[in-house]
Amino acid sequence: MSLAALIFDLDGTLAETEEAHRTAFNAAFAARGMAWHWTPEVYRALLATTGGKERIAAHAACIGEVLTPDAIAALHADKTARYGALIAAGELPLRPGVADLVAAARAAGLRLAVATTTSRPNVEALTQAAWGRPAAEVFDVIAAGDEVALKKPAPDVYLLALDRLGVAPGKALALEDSRNGLLSARAAGLRVLVTPSLYTDHEDHEGADWVVPSLAAAHLPEVLARLV
Ligand code: XBP
Ligand code: MG
């Protein structure tokens, strides 16, 4: 196989973003006087539902509360603004090896994409904070959850990334941290390397082509040598 592209998940793969998401959700709940507060344990279970709006709806259904779609959208927009401010504050580093891998892949002529459940503003927030550049200058293609009908584990966001890259699934590698992401990428026909994250280290990674503890260089030569 000659490898033409790397497609990165964002949350949990490029950076350990979920604590910032959780903090932003809780701040948005508190600002509205809601009695909701998602602890790490509760949030770990809630992550089975991908997408912030979907997660809010799932939690409301679970506790028997009714929120209109407009109320969910407003709550989530507030959460996204709060999340962006947290990321802009610059306290969230990329995971080990990410910056080096992106630079090495670029130097090797590979195309680079993001396929994420989160929305485009959150991709911009991360690339500005971590690389000091807009997302379009770091990645050739961004495919975001707010652009597809079905979020992970459906293949939609990976299929959108492949379409925008103009690359066949057999010539790209997905980098993921979660079961839902792994299922999404595999359903799109991609090979998948999983780097479990703080919130996904308990998950089943069966079906991954590789599972490595991080993207730090020591773990990658064997993988990439078989692909490039
Ligand atoms: C991550 C997610 C996202 C974030 C919140 O999934 O499920 O929903 O938790 O993002 P993955 P939004 O890493 O598999 O893409 O609130 O912006 O939806
Ligand atoms: Mg993820």
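Student: At what angle do helix α1 (residues 18-31) and helix α4 (residues 69-88) pack?
Tutor: The model is predicted: local features need pLDDT of at least 70, side-chain atom pairs count only at pLDDT 80 or more, and totals for chains, interfaces and linings use all residues. Residues are numbered from 1 along each chain as its sequence is written, chains are lettered from A and ligands numbered from 1 in written order, and side-chain values use heavy atoms, without hydrogens or water. Helices (DSSP H or I, at least four residues) are numbered from the N terminus, and axes are lines fitted to C-alpha atoms over the stretch in contact, with angles of 0 to 180 degrees between N-to-C directions. The axes of α1 and α4 are 8 Å apart, and the angle is about 130°.

Student: Is α1 oblique or roughly parallel to α4?
Tutor: Under 35 degrees is roughly parallel, over 145 roughly antiparallel, 65 to 115 roughly perpendicular, and the rest oblique. The angle here is about 130°. Therefore α1 lies relative to α4 as oblique.

Student: Which residues of α4 meet α1?
Tutor: Contact means heavy atoms within 4.5 Å. On the α1 side, the residues include Ala20, Phe25 and Phe29. Their counterparts in α4 are Leu75, His76, Asp78, Lys79, Arg82, Tyr83, Leu86 and Ile87.

Student: How far apart are the axes of α4 and helix α6 (residues 120-131)?
Tutor: These two pack at an angle of about 10°. That makes α4 roughly parallel to α6. The axes are apart by 9 Å.

Student: Which residues of α6 meet α4?
Tutor: From α4 come Lys79, Thr80, Tyr83, Gly84 and Ile87. They meet, in α6, Asn122, Ala125, Leu126 and Ala129.

Student: Which residue in β5 stands opposite Leu173?
Tutor: Strands (DSSP E, at least two residues) pair if DSSP finds at least two bridges between them. Strand β4 (residues 172-176) and strand β5 (residues 191-194) pair in the parallel sense over four bridges. Opposite Leu173 is Arg191.

Student: Through which helix does the chain cross from β4 to β5?
Tutor: This β-α-β crossover is right-handed (with the strands pointing away from the viewer, the path from the first strand over the helix to the second runs clockwise). The helix spans residues 179-187 and is α9.

Student: What is the bridge partner of Val194 in β6?
Tutor: β5 and strand β6 (residues 210-211) pair in the parallel sense over two bridges. In β6, the partner of Val194 is Val211.

Student: Where does Pro153 lie?
Tutor: The peptide bond from Lys152 to Pro153 is cis, with omega near 15°. Most peptide bonds are trans. Pro153 lies in the loop between β3 (141-143) and α8 (156-165).
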